Amino acid sequence: MTVTSNRSAPTDAPLGNPAQKRAGNLLKTRELGIVLALAILVAYTAIDNPRFLSGQSIRDNLLNTAILAVMATGQAVVVITRNIDLSVGSVLGLSAFTVATMMSNNQDLPMIVAILAGLAVGAVAGLLNGVLVRYGKVPALVVTLGTLYIYRGITYSWAGGSQVNADELPRHFLTFANDNLLGIPWLVLIALIVVGAGSLMMRNYRVGRELYAMGSSPAAAELAGIKVARNLLGAFVLSGALAGLAGVLYAARFGTVDAAAGNGYELNVVAAVVVGGVAVFGGSGTVWGAALGALLLTVIGSALAVLDINQFWQQAIVGALIILAICADRLVAVRIGRSLRKRDAHV
Amino acid sequence: MAEANARPENRPAQNSQIKNDPTTDHSPGPATNETTQDKAAPPTREKAAQDSAAPDKQAAQEQQDNVAQEKAAPPAPDETTKPASTRPTQATTGTAKRDNKNHEPARLEVRNVSKSFGAVAAVQGVSFPLHPGEAHALVGENGAGKSTIVKMLAGVHRPDTGTLRVDGSDVDFSGPADAKAAGIAVIYQEPTLFPDLSVAENIAMGNQPLTRLRQIDRKQMHANAERLFRRLGVPLDPTRPARGLSIADQQLVEIAKALSAEARVLIMDEPTAALSAVEVERLFAVVRSLRDEGAAIMFISHRFEEITALCQRVTIMRDGRHVATEMVADLSVDDMIRRMVGRDLSALFPKQEVEPGEVVLEVEGLSREGVFRDISFSVRAGEIVALAGLVGAGRSEVMQAVFGVDPYDSGTVKVHGRRLKRNEPRAAMAAGMALVPEDRRQQGLVMDLSIERNVTLPRARKLARLGLLFGGTEREAAETWTRRLQTKLGRLSDAVGTLSGGNQQKVVLAKWLATGPKLLIVDEPTRGIDVGTKAEVHRLMSSLAADGLAVVMVSSELPEVLGMADRIIVLREGRVTAELTRGEATEESVMYAAMGQEVAV
């Protein structure tokens, strides 16, 4: 009967109590946790081998992260809508091979054309994914698993065992990866822009919040009048386009492109997103969290090399991290749920 | 129809306005201006309804006064005239009487609408108006087509034939966004919130205040939500996620959503099914104030006392067809029920007298820390024992412990004199117990499985031959029971989720009755079920008891408890406060015991 008195009293009392504050903080710790893990890892490795903190080492880590982070941004957006895009590795390969072939045949094309071409190839591939998911009413896992093989198959049949070598590519294309703007490599700069824009879109714009809403409750999103079809296609096109962009960056960074480029990348990308705190069932997580996840995975890889630990351990560690991330999410969700319920335990 | 043809130039304009761009701005401005023009020609059906209503105006007034007094709500006698006066744009202001109000074009009108799903005609030729400042009840048995109407008004389904008109112009909703843009807000039976988003975001979704850079203005958004909550009188924090809110709070957030969209038509599909009396009263206060501000309300409920307390007009549907639209004051509850079911329900609670047999269930000193304490009772064969009490008194928890779903700390549960192991539903089932849970969606049924599979689930093992299930035996068993319970269904192979609520409940019952239990525990057997089905469920329980089944019923509905039970055990805060026989029990004595007062009889 306390209900009556609580409820009918005018609510002049300041809203928000400790239980809620704690719940809010717990949510924020998700990204903080990754930063912390990263700091510990870097500190431990640097003590063992100070060269780990040298300019070149940091630069390598950031360059290696850049491509993964660009793809993780698109993947995060798709996963937030309660879908998944497994075709990104193949899209990267297709885009990389397309752009490399194009550049080797037209040595004078400026870099921006290469980037646009990569984006376009990826966007078309992503659109096909989105259309199949939305209008074919097939789960994204199945659709993108299918297109993973289709896009890879197209690249293979086109390349037919040939590869584009670094010496066939124009110089300005190859140096792009290492050129700096204000001391920051272009590759890293592009990744920062992509991650920043993605975070801003998801956090502060209506369309971003609608994507969260769609992932949080697909049925309610339809009833709320959200343009679910448009948004969903948009998410897949974005993920595809960013994978296409990643393909251009890949070609520019490594110079040698064959049909197997980006093979298996999709799992790294999904791992980065999950470790970065994006819930696999949609609705929560952030783009910059996913980017941090990409950074963490990359740093783990290079730290293991520096610490002279068998590279095979890397995969096991990544796997353990994924499970840890999901367990942590569950635990936090249950805790928050309980503390919120306790507060409302009047019914 | 004639008037629609007379002014065809009006409609396309209205249509395009509504369809224009729902995401940016749906101020209803232009639409309301048009209402004055349309006043001249009210549809004929409506005229008839209002003619029949006129002579009884006095009675209506009295009835409403009574209601107002009962509910002790301040806006009493002038309630009927008020809505018109709150619309100053109307020429009728000042001298407004209820008759005049009816000359206004309906804010929303359903005109001769039909909708079929495959071969099933869900709605056939239904028409009714929703007037501004009026609450309109839509009643009918489960499966009568109410939810289909709601979904058409919400823009989820498109009518096959017939039209919807908003402020006198035809509209064609291509999706929920269009309906929203036309000022229609829908509150569904099950709340449709986004659990991961903050409450404020839930309210503002699609309509968020923006800064100059078209970013979401969070500060403004939270301030808006806080203002709405203050108006509703709920202490909710706008920044908390919607996950973990109680059903009642979720409904309030839905109301806040409707308020923030400045909805001019509010449609509520059984919003009170999961609410306690206090929460219902709070909800009604809000709805009344919305109504008095000129919103048109459509209200669906199976509780007639709510309809008479809130609504002025009622539309009755039966089997997808329109039966009548009348003033609530002109109809008695019996009239409504008769028209809903198309037959007399003389015996609402047909409890047969049965000589109780041997003791089937014996519960002694059952306790669980913090939940219930020292619960003892017994149930004989042929007896219906009701567990009554307020929501949260621990009734369901006791029965779940008895059935072995939940653990208990001390005490014993005996069936036919044999002690049951605690916390083992399997043992309870083997001993002949069956539990029909309160939440049939989550605990009672597997929604995606077929009806027959659901019915035979608990004894799939018994039906299996060599460990394999064959369709034939399954179907046979399912058919026997669904027929005996008069379940309305298409095919036994359809998914249970496609059935209406009442029929789902019958499938749950069929599922457990098919196991041939000695003791049946039913938790809120008729929650969210229409009157006709309710009576069937009651009759069924009564006949089962007459056949020697022992029944334990947990129920929050006093009439049901008093009508059905041979004995009533009243719980309060986890303790037995009274055990009353059928003769001793009255509404007062049960309520007193449930509230912890002395029984004053």
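In this predicted model, helix α3 of chain A passes α12(A) in a right-handed crossing. Helix α3(A) spans residues 55-80, and its packing angle with α12(A) is about 65°, with the two axes 9 Å apart. That angle falls in the range of 65 to 115 degrees that counts as roughly perpendicular, and α3(A) is therefore described as roughly perpendicular to α12(A). On the side of α3(A), the contact is made by A:L68, A:M71, A:A72, A:Q75, A:A76 and A:V79, while α12(A) contributes A:Y265, A:N268, A:V269, A:V270, A:A272 and A:V273.

Chain A as a whole holds 14 helices and four strands, and 44% of its 347 residues count as buried. Of the contacts in chain A with a separation of 6 or more, 80% are between residues 24 or more positions apart.

In chain B, helix α11 (residues 218-232) and helix α12 (residues 247-260) pack at an angle of about 115°, and their axes lie 10 Å apart. The two helices are therefore roughly perpendicular to each other, and the crossing of α11(B) and α12(B) is right-handed. The residues that make the contact are B:N224, B:A225, B:L228, B:F229 and B:L232 from α11(B), together with B:L252, B:I255, B:A256, B:L259 and B:S260 from α12(B). Eight of the residues in this contact are nonpolar and two are polar, and none is charged.

| Helix pair | Angle | Axis distance |
|---|---|---|
| α3(A) and α12(A) | about 65° | 9 Å |
| α11(B) and α12(B) | about 115° | 10 Å |

Another helix of chain B, α8 (residues 146-153), has eight of its eight residues buried, so it is largely enclosed by the rest of the structure. After α8(B) comes B:G155, which has a positive phi near 85°.

Chain B also contains an open sheet of four strands in the order β12-β11-β14-β15, with antiparallel pairing. Its edge strands are β12(B), residues 372-380, and β15(B), residues 418-419, each of which pairs on one side only. Strand β11(B), residues 359-368, is joined to β12(B) by six bridges in the antiparallel sense, and B:V359 has B:R380 as its bridge partner in β12(B). Helix α16(B), residues 395-403, packs on this sheet and touches β11, β12 and β14 (410-415) of chain B, its direction making about 115° with that of β11(B).

A further open sheet in chain B has six strands in the order β16-β17-β18-β13-β19-β20, and its pairing is mixed. The edge strands here are β16(B), residues 433-436, and β20(B), residues 575-581, each pairing on one side only. With direction ignored, neighbouring strands of the sheet are turned by 15° against each other on average. Within the sheet, β17(B) and β18(B), the latter covering residues 550-554, run parallel and are joined by five bridges. B:V522 stands opposite B:M553 in β18(B).

Most residues other than glycine have a negative phi. B:N423, although not a glycine, has a positive phi of about 60°, and its place is in the loop between β15(B) and α17(B), residues 425-430. This residue counts as partly exposed because 14 C-beta neighbours lie inside 10 Å. B:E524, likewise a residue other than glycine, has a positive phi near 45° and lies in the loop between β17 (519-523) and α23 (531-546) of chain B. With 22 C-beta neighbours inside 10 Å, B:E524 counts as buried.

Definitions and conventions: Residues are numbered from 1 along each chain as its sequence is written. Chains are lettered from A and ligands numbered from 1 in the order in which they are written. This is a predicted model: local features need pLDDT of at least 70, side-chain atom pairs count only at pLDDT 80 or more; totals for chains, interfaces and linings use all residues. Two strands pair if DSSP finds at least two bridges between them. Two residues are in contact if their C-beta atoms, placed from the backbone, lie within 7 Å. Axes are lines fitted to C-alpha atoms, for helices over the stretch in contact, and angles run from 0 to 180 degrees between N-to-C directions. Angles under 35 degrees count as roughly parallel, over 145 as roughly antiparallel, 65 to 115 as roughly perpendicular and the rest as oblique. A crossing is left-handed if the near helix is turned anticlockwise from the far one by less than a right angle, and right-handed if clockwise. Ala, Val, Leu, Ile, Met, Phe, Trp, Tyr, Cys and Pro count as nonpolar, Asp, Glu, Lys and Arg as charged, and the others, Gly among them, as polar. A residue is buried if 20 or more other C-beta atoms lie within 10 Å of its own, exposed if 12 or fewer, and partly exposed in between; C-beta atoms are placed from the backbone.
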